[in-house]
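Here is a quick briefing for anyone meeting this structure for the first time. Have a look at it, then read on.

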Amino acid sequence: MAKDAATVADENQPLLGGEHYLTDRELSERLKISRRTLQDYRNNGILPYRQLGGKILYRESDIERVLQSCYRGKF
């Protein structure tokens, strides 16, 4: 039972202001890029982010918008 609760907690991230936020580790796994590449994207203004204390968070809707704007269809 405790294992099931831990799984549910991991799969359902808490909302902040009604928005889902991802950590750099979660986002790098989803995008299949390194955490250092994410840092470069932050530094170059490619990906918007929030910083709470020492924690970097990415709003899921912002990431989806960036990905959609950079998407190119088939040739």
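**A first look**

Asp 62 is buried, with a relative accessible area of 2%; buried here means under 20% relative accessible area, exposed means over 50%, and partly exposed is in between (1.4 Å probe, protein chains only). Keep in mind that this is a predicted model, where local features need pLDDT of at least 70, side-chain atom pairs count only at pLDDT 80 or more, and totals for chains, interfaces and linings use all residues. Residues are numbered from 1 along each chain as its sequence is written, and side-chain values use heavy atoms, with hydrogens and water left out.

**Salt bridges**

- The structure holds five salt bridges, a salt bridge being a side-chain nitrogen of Lys or Arg within 4 Å of a carboxyl oxygen of Asp or Glu.
- Asp 62 pairs up with Arg 59 in one of these salt bridges, and their closest N and O atoms are 3.2 Å apart.
- Salt bridges with shared partners link Arg 59, Asp 62 and Arg 65 into one network.
- Another salt bridge joins Arg 35 and Asp 24, with 3.1 Å between the closest N and O atoms.
- Arg 35 sits in helix 3 and Asp 24 in helix 2, so this pair ties together parts that are 11 residues apart in sequence. (Helices are DSSP runs of H or I with at least four residues, strands are runs of E with at least two, and both are numbered from the N terminus.)
- Asp 24 is buried at a relative accessible area of 19%, while Arg 35 is partly exposed at 39%.
- Glu 60 and Arg 30 form a salt bridge too, their closest N and O atoms being 2.6 Å apart.
- Since Glu 60 belongs to helix 4 and Arg 30 to helix 2, the pair ties together parts that are 30 residues apart in sequence.
- Arg 30 is exposed, with a relative accessible area of 53%.

**Helix 2 and what follows**

- Asp 24, Leu 27 and Ser 28 are the buried residues to look for in helix 2.
- Looking down the axis of helix 2, you'd find its buried residues within an arc of 100 degrees, so they line one face of the helix; the arc is that of the directions from the helix axis to the C-beta atoms.
- Glu 29 and Arg 30 are exposed on the other side of helix 2.
- The buried residues of helix 2 pack against strand 2 (19–23), helix 3, strand 4 (55–59) and helix 4 (60–70), where contact means heavy atoms within 4.5 Å.
- Lys 32 lies in the loop between helix 2 (24–31) and helix 3 (35–43).
- Lys 32 isn't a glycine, yet it has a positive phi of about 55 degrees.
- Lys 32 is also exposed, with a relative accessible area of 73%.

**The nonpolar core and its surroundings**

- In soluble globular proteins, nonpolar side chains tend to be buried together.
- Here, the largest nonpolar core has eight residues: Leu 22, Leu 27, Leu 38, Leu 47, Ile 56, Tyr 58, Ile 63 and Val 66.
- A nonpolar core is a set of buried Ala, Val, Leu, Ile, Met, Phe, Trp, Tyr and Cys residues joined through side-chain atoms within 4.5 Å.
- Strand 4 and helix 4 are the elements that give two or more residues to this core.
- Leaving out residues up to four places away in sequence, Tyr 58 touches a list of residues including His 20, Leu 22, Leu 27, Leu 38, Leu 47 and Ile 63.
- Thr 23, found in strand 2, is buried with a relative accessible area of 17%.
- With the residues up to four places away in sequence not counted, Thr 23 touches Lys 55, Ile 56, Leu 57 and Tyr 58.
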